[in-house]
Amino acid sequence: MSTSSSPRPKRMPPEQRERAILDAAVALARQSGIAGLTVRTVAAAAGVTPALVAHYRPSMDAFVADVFGAIVGAEREEVMAAGRAEAGLRARITRIVETLLDGDRDDVTLVWVQAWAAGARNEELASRVRREMDSWQQDLEAVVAEGVATGEVTATQADGAAWLLLATVDGMSAHSLVKWAPEDRAGLARRTVAAVLG
């Protein structure tokens, strides 16, 4: 009698099975980055066969792009919601930047850094990275535009503010992966907002 070491997935509707595979890949990527996502590693995380993963996700390039988008899109929604809870431009921007630099998001930072690198060889991932970066830019520009509309800052002060804030956050977050960052990242966030908005 032969036995199989392959997992035996329980039956699920196709949409539910596809979602379970995506959720397993997201959890795996949050734990160790997107660089290790393969048909086999995702199958093991989801408790299914590699053939089943390949059936639902025939293109790993597209699948990695979807996993990346799910992770960073959820983070952007969460961080922007935290910012909207504050009153006034400076408080909103400070909350957004402080939240991004609070040291609790290194898992998402690793996903971003690996996506920037892997995007050089995976056009589907590169396209998704650009789309997510554009979304961050647009969301921050909208917050700054509200501050201009209410007279909290001038249009001159706001010009390029979103780009400068993103560049600072991206740089400091990437540095934190190798433990090269100021201990007081919240203080850095406040100084950055003050410098950018005047």
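Trainee: How many residues does α10 have, and how far does α10 reach from its first C-alpha to its last?
Mentor: In this predicted model, α10 has 13 residues and reaches 18 Å between those two C-alpha atoms, which is close to the 18 Å expected at 1.5 Å a residue.

Trainee: Okay, and which residues of α10 are buried?
Mentor: The buried ones are Arg185, Gly187, Leu188, Ala189, Thr192, Val193, Val196 and Leu197.

Trainee: What do those buried residues pack against?
Mentor: They pack against α5 (89–100), α6 (106–118), α8 (155–158) and α9.

Trainee: What comes just after α10?
Mentor: Glycine 198 does, and its phi is positive, about 85 degrees.

Trainee: Let me step back. How many helices and strands does the protein chain have?
Mentor: There are 10 helices and 0 strands. Following the sequence, the pattern reads α-α-α-α-α-α-α-α-α-α.

Trainee: What does the C-alpha trace span along its principal axes?
Mentor: About 75 × 35 × 30 Å. The protein chain has 198 residues, and 40% of them count as buried.

Trainee: How many salt bridges does the structure hold?
Mentor: It holds 14 salt bridges. One of them links arginine 76 with glutamate 132, where the closest N and O atoms are 3.4 Å apart.

Trainee: Where do arginine 76 and glutamate 132 lie?
Mentor: Arginine 76 is in helix α4, while glutamate 132 is in helix α7 (residues 123–149), so this pair ties together parts that are 56 residues apart in sequence.

Trainee: Are those two buried or exposed?
Mentor: Arginine 76 is buried, because its relative accessible area is 14%. Glutamate 132 counts as buried too, at 5% relative accessibility.

Trainee: Which other arginine forms a salt bridge with glutamate 132?
Mentor: Arginine 128 does, with 3.3 Å between the closest N and O atoms. Arginine 128 and glutamate 132 are 4 residues apart in helix α7, so about one helical turn separates them. Both of these residues are buried.

Trainee: What does arginine 57 touch?
Mentor: Leaving out residues up to four places away in sequence, arginine 57 touches Glu18, Leu22, Phe63 and Asp66.

Trainee: Got it. What about arginine 95, which residue is its salt-bridge partner?
Mentor: Glutamate 86, and their closest N and O atoms are 2.7 Å apart. Arginine 95 is partly exposed, with a relative accessible area of 32%, and glutamate 86 is partly exposed at 27%.

Trainee: New topic: aspartate 106. Which helix is aspartate 106 found in?
Mentor: Helix α6. Aspartate 106 is partly exposed, with a relative accessible area of 22%.

Trainee: How far is aspartate 106 from serine 176?
Mentor: Aspartate 106 and serine 176 are 70 residues apart in sequence, and 7.5 Å apart in space, C-alpha to C-alpha.

Trainee: And what does aspartate 106 touch?
Mentor: Not counting residues up to four places away in sequence, aspartate 106 touches Ser176, Leu177, Lys179 and Arg185.

Trainee: Tell me about lysine 179, then. Where is its place?
Mentor: Lysine 179 is in the loop between α9 (161–176) and α10 (185–197). Lysine 179 counts as exposed because its relative accessibility is 69%.

Trainee: What is phi of lysine 179?
Mentor: Phi of lysine 179 is near 60 degrees, a positive value in a residue other than glycine. Most residues other than glycine have a negative phi.

Key
Residues numbered from 1 in each chain as written. Predicted model: local features only at pLDDT ≥ 70, side-chain atom pairs only at ≥ 80, totals over all residues. Heavy atoms only, no water. Buried < 20%, exposed > 50% of the residue type's maximum accessible area, 1.4 Å probe, protein only. Contact = heavy atoms within 4.5 Å. Expected span 1.5 Å × (residues − 1). Salt bridge = Lys/Arg side-chain N within 4 Å of Asp/Glu carboxyl O.
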